[in-house]
Amino acid sequence: MKLWKSIDELAETREGASGEFVDGVTAAPVFDSSVSRRGFMALVSASMALTAAACRRPDQKLVPTVKSHQNFIPGLPQYYASVYSHRNVAYGTLIKSREGRPIKVKGNELHPSNCGTANAEMQASLLSLYDPDRMRRARVNTAPTSYENAISQLTKGVTDAQAAGKNVIVFVDEHCSPSYEALMRDVTTNVPNMSFVTLPAIVCDHQARANKAVLGIDGELVADLGKAEVIVSVGSDFLGTDKLALHHTGRFAARRAPEPGSPTMSKVIVVEAAYTLTGANADVRVALHPSQHDAFLAVLEQNVVSGTLLGSDLAGSADAATTKAAREAAAALKGANGASIVMVGDACSPRAHAIGVNINQALGNIGAGRPLDPACVLPYSGIKAEAIEAAVAAMESGSVHVVVFDNTNPEYSADRRFRAALAKVPVRVACNLYEDETSKKLCAVSLPATHWLESWGDAVCYDGTLSVQQPAIAPLNEGMASFQDTLITVAKRVNPAAFGDAVTSYYDYIMARWNATLTAAGAGERGWSKTLQDGILKPSAPATATATMNIAAGSSLPAGTATKGRVIVTVPSLALYDGKYSNNGWLQELSDPVTKITWDNVALMSAKTAVALGVAASTDAKAVAKANESVITVTTKHGAVDLPVWVQVGMADDVIVTQLGYGKTEGGAVHANVGANTYALAMAGHTTSYQPVEIAVKSGERHRIAVTQNHHTLDDGRGERQIAKQLTLNDVKGGKVEDLHEHFPREDGSKNNNKSKPLSIVSEYEYKGHKWGMVIDMSSCTGCSSCIVACQSENNIPVVGKEQVMKGREMAWIRLDRYYTGDMENPNTVVEPMLCQHCENAPCENVCPVAATTHSPEGLNEMTYNRCVGTRYCSNNCPYKVRRFNFLNYNTDHRTPLDLAFNPEVTVRMRGIMEKCTFCVQRLNEAKWHAKDNGRARVLDGEAVTACQEACPAGAIIFGDMNDPKSRVAKARASERGFTVLEELNVRPSVTYLAKVRNIAGSMAGEAAGHHS
Amino acid sequence: MKVQEQAPIREPLVLGNPSLHDITARIASIVESKISMKYLMTVGFTGALAAWGLFALYYTITTGIGVWGLNNPVGWGWDITNFVFWIGIGHAGTLISAILFLFRQKWRTAINRSAEAMTIFAVICALTMVLSHTGRPWLFYWLLPYPNQMNMWVNFRSPLAWDVFAVNTYFTVSALFWFVGLIPDLATLRNYVKSDLAKKIYGFLSLGWTGSTRHWHHYEIAYMILAGISTPLVLSVHSVVSFDFTVGIMPGWHTTIFPPYFVAGAIFSGFAMVMTLLVIAREVLDLKQFITLKHFDNMNKIMLATGMMVGYAYGMEFFIAWYSGNPYESWVFMNRLFGDYAWAYWTMVTCNVVSPQIFWFKKARRNVPLMFVISIFINIGMWFERFTIIATSLHHDFLPASWGYYSPTWVEISIFIGTFGVFLTLFLLFSKFVPVIAIAEVKGIMPGAQPSHHHDHEHGHASHAAVTEGAH
């Protein structure tokens, strides 16, 4: 596999090319021309690259970002801007490429939706690029065949359909590509019997239905939480499993870190049945049975809205707790007119969403510059169930001759009726990444799809920003083409007039469209390469949707989808979302920040529900621990699934929550036998609905769950441990932060001073150059887990598998410790990211008998892998337990080409040795070389960025040189909220934590999160 | 060997008043007698255990430590538990041979040979455990300070480096001490055995011993010096082993009481193991004449004393945990009482503190089946003591989020069983091919060995002539 695109040698920006010779010496001219020796070499090498590329494939030029060297230099990375479509949400990306292979996906700072940060899925999709289980060759019936052969079968299907007067339906996944949308229209124009139906794995239209009725907008609005002082969420997991979570997290977190002086922060009230990540971040969290959610909104509406009420028929069913919570929420909202928002969850009814709009409208929250801008509509997020229903009817009637699946897997995710209808279609063709359930069980013809890193495309952001999806590598397998290329080829064969002669590939198609766009935007000649360079078109035409208010129309929308009694809801998984990338070890092993479960989906329920089901003898912690892992059969009217029980504190009673995306049976070795397919339980037409459920306990049967943080049964005054410290906003305002430091006498006699050091009887080592340090703001951190995948990708951290996780051998260098505080019926959560603290007095260093772990003059606790013999003494002696031991040869079991995902800057570790966070020492060295190249002795603040910091959407991780008083890290470290974990041990960590602040009344100073269930 | 006067009121140390020749004949006959089927089967069995353990070790080294049950919070489990257990076992041998020798405790002569042998075999088992517990055992030599092109030495601040020195010193000195003590007896066997090959081997090993006064003179000086070198080792080796824990900062490890507590525990466990083996050897090899109830009585007293020392240490740990006001420390100790490993803790207390209390009664101290059972209890209890210290301290330390639980796999259990196989096999070979009782020394404590009740020092040597009668 080689990089087949040539580099645009015409790009002008050449940062870092400081010249080969010292100033005053000019490069000698060659051939008496104006071409310098350097320029000549550049031209020669570029033309050779072009020649090499040209004999393989039409030349399609890639443009690296301005950060990269514009000429390809072996050993140095190049960055290509692209865009990741997280279903229909566009997130800008930068793809780090080494010697032509992508090795890391990170966020593009210029993109407005994620502003340089990344979520778990987009980062982990890199691993899927190199997944050896990906479909490699086309297949017809059981035999592998050529792409050409498979495509002629598809063409034949389409022409046969035409001849028979029947239709072809193409099921496509949710997307946000304007070019693909246009292509679909053009294909339908040219081949009229071919139509396209968007078939997301998770269908939820309720918000779109409500918006269509009351706002006149067929789609979902994208809120800006950065503009909200008060947030009330009703079942919305906007920080966790929402597609927009990455977008929301940054804006949300920006208002959650108050500093003394002018301390302000938003107030978050979450009403929910499950215990979501959003609930874990709430100031006030109310656990309510879903049957009360509509009623809650109705009472809230009564208390806020003076005009038309949409929920007057629902308010009556509110019980006392609901009413109380709603009144309190109303009071909080009314204090922040125009700067508050009510977020309504996907599981809520269309009416609930309409009530939400009504409340937001009444509070003045809707409008340009407000938390809800009606112009900001998620692209192509309109109602889908109707088209799907029509497709089912068509298939059932026998009028469909061919179905084609473009990255959709309905055999896995669709309801029973849909699957039965598919069976009636004579010709079924799949174009998916894997030989998945649909491809294997339904399709006689199957084409391998290209990964997004291998294909051209584009995307539009909710605010109108356009981006180009620039491939970073040629398709790994010969003869692969993107589905869009296939569509164009088939359309041209069926209708030779289609698309004209100029367009033979999707690249041509995109170029044609973009040329028009660029011309319209007045982007000039270099518009295209500039767009590729930046990753976005600047400026893009802004989004223009406008709302036409018709609140009263909301009253006819259906309400109350959740019945009383025992209900179940199937929600996206935080790691896998809908299961598209389930064959991905990084995601499977990503510990859920709330439940800490890896490699499985479970039936989450409250302790009381477990008792009611008879799986737990009592709500006592020991009985609850025994109830976990017992198996129940869950039956809804759509199907039945066996699931292991997992008791989650803080959940509403009589509610079962289970995650989607697991239980794949085909297509990969990684996801095989992992979890259960809960799509079988989901409601047709609306996947995330609450439904009545029957539960039968399978007595005696157990299913073991791999958690990264165990349950313990002793309640023992662990609250005394000042580990994860908390404050209230009042504490910060009142300067009541001295209790954060209570253990040490200081040199200046004070108790509370980050800046003075504890007394010491030995002289201190003086760090003369850099002294690297980190600050983690627990108040900003939401627990989204991006940092974990970022670190895994950057540092070649192996995936160890479920068995090894169960043994407690997961390798993540950064983990999210979860602590509960307060009432165990409805506890607060504190998430504490934990990584090597790079202690000045590191207890690991003095116990290593072979000096394999030592301290650097820049304050790093360094691990010399080559020297390590593996006594594990360092790990035993680490009070933070952040060291990770390679118990087995986790890295040699990599199947080709998974090893291509490795970062060449980082050693791949063998068995028997210890590893841990290095503060991304390879990046520090790169930054130092860069500084040296530029004639500087020191790295500037912001030049050295760790992978976790780079990915963190909340901006909770600040890294830099603590010796530079002007650096962000030095300033953050001096914050009054700062403390170090286990300060009393005097190991002097280089990581400072800023105490979690809650916007509630009263004081929490001196109270640490201790309970830990 | 200085021989002291035997007060007539004292219980005799050798029963039946055998002649000096009888003693030689009795003990050498064990070596000379034909190898019985029973013996072969026993060795076959222990050898099979050893082979099974070695297979488990081979599997570990070729696959990785991951075949054990260790995990992230618990980086040491049965491996280091077994290491400390075996090192502790060795201490009785050194105490008996060195300290009791310097204190002129004559009753030691009947048991010192087997106790010293046991020391060496136990240290071999301990070395096996400590060498194989690392992630990359083929690099074990990096733990030694040898000159190399990398200019890398060991980290002298690490207690594990101290361990390497302590254990190696211990092994070397113990082996030398044992061998030097064996020389006169090997010469006796050289003279006694009939086969040529055996004569050659014993002849080679006896280093030309003739029993001359000069030989005896040098021998006694050498023996005294080695006893002097060994004596501090009784205290130092297990103190250094305890530093593996005390130098760490883990609650439950970081305590100053560990060195004396570990030494007492080591002697305690060592005596228990000597007891277990001698009760069997005394029956099987019919050594009731030499290993008497008096010996057992004395050993039981030592076990009672050291058992109470460890009991005191257990109590003092709790007091300090409370008195320090350190929440982590006090939590770890409460966790020992009531936590996930409470069963291990209570096993330890029952075996180590409660069960030896019966030895307050003389009848119990002289009841052989009872003491056998109690000695097994103590062996079990002392193993659990080390397990408790290692596993309970590690599995729940500072940050509750990183807590875990550890249980061993079949591989670790097999390796532990294997070390018993190695230990017992070596002990069986020893009991067959080496005099299990120090012939020369026992003769020295016979009443008949005393030439006169009124003698001066020069006469002491005369007694040696009688003692080594068999060697002439």
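1. Domain bounds in this note come from an automatic or database domain assignment. For chain A that assignment gives domain 1 (62-129), domain 2 (138-203 + 383-534), domain 3 (221-375), domain 4 (567-707) and domain 5 (718-1009). Between the centres of domain 3 of chain A and domain 4 of chain A, taken over C-alpha atoms, there are 27 Å.

2. The structure is a predicted model, in which local features need pLDDT of at least 70 and side-chain atom pairs count only at pLDDT 80 or more, while totals for chains, interfaces and linings use all residues. Residues are numbered from 1 along each chain as its sequence is written, and chains are lettered from A and ligands numbered from 1 in the order in which they are written.

3. On confidence, pLDDT is the predictor's confidence in each residue, from 0 to 100. Chain A averages 85, with 89% of the residues scoring at least 70; the mean for chain B is 85, and 91% of its residues reach 70 or more. In chain B, the pLDDT is below 50 over residues 455-472, a stretch with 38 contacts in the model beyond near neighbours in sequence. Here two residues are in contact if their C-beta atoms, placed from the backbone, lie within 7 Å. In chain A, pLDDT stays under 50 over residues 50-57, which have nine contacts beyond four places in sequence, and over residues 712-718, which have 13 such contacts. Where pLDDT is low, the predicted coordinates should not be read in detail. For the complex, the predictor gives an ipTM of 0.89 and a pTM of 0.88.

4. The secondary structure of chain A comes to 28 helices and 40 strands. Helices (H or I, at least four residues) and strands (E, at least two) are DSSP runs, numbered from the N terminus. Of the contacts in chain A with a separation of 6 or more, 73% are between residues 24 or more positions apart. Buried residues make up 60% of the 1013 residues in chain A. A residue is buried if 20 or more other C-beta atoms lie within 10 Å of its own, exposed if 12 or fewer, and partly exposed in between, with C-beta atoms placed from the backbone.

5. The contact between domain 3 and domain 4 of chain A involves 14 residues of domain 3 and 21 residues of domain 4. On the domain 3 side, the residues divide into nine nonpolar, four polar and one charged. In this grouping Ala, Val, Leu, Ile, Met, Phe, Trp, Tyr, Cys and Pro count as nonpolar, Asp, Glu, Lys and Arg as charged, and the others, Gly among them, as polar.

6. Between the chains, 45 residues of chain A are in contact with 42 residues of chain B. On the chain A side, β30 (815-821), α24 (843-847), α25 (873-876) and β34 (884-885) each supply at least two residues. The residues of that side comprise 20 nonpolar, 13 polar and twelve charged.

7. An open sheet in chain A has four strands in the order β36-β29-β38-β37, with mixed pairing. Because β36 (957-961) and β37 (978-979) of chain A stand at the edges, each with a single partner strand, one side of each is left without a neighbour in the sheet. Two strands pair if DSSP finds at least two bridges between them. Strands β29 (residues 772-777) and β38 (residues 991-994) of chain A pair in the parallel sense over four bridges, and I776(A) stands opposite Y993(A) in β38(A).

8. Strand β22 (residues 630-635) of chain A runs antiparallel to strand β26 (residues 694-702) of chain A, joined by six bridges, with T633(A) opposite A696(A). Five bridges join β22(A) to the antiparallel strand β23 (residues 640-647) of chain A, and the bridge partner of I632(A) is L643(A). Strands β22(A) and β23(A) form a hairpin with four residues between them. In a regular strand the side chains alternate between the two faces of the sheet. The covered face of β22(A) holds S630(A), I632(A) and V634(A), and the uncovered one V631(A), T633(A) and T635(A).

9. Y581(A) lies in the loop between β19 (567-571) and α18 (585-588) of chain A. This residue counts as buried because Y581(A) has 24 C-beta neighbours inside 10 Å. Among the residues that Y581(A) touches are E121(A), A124(A) and L587(A).
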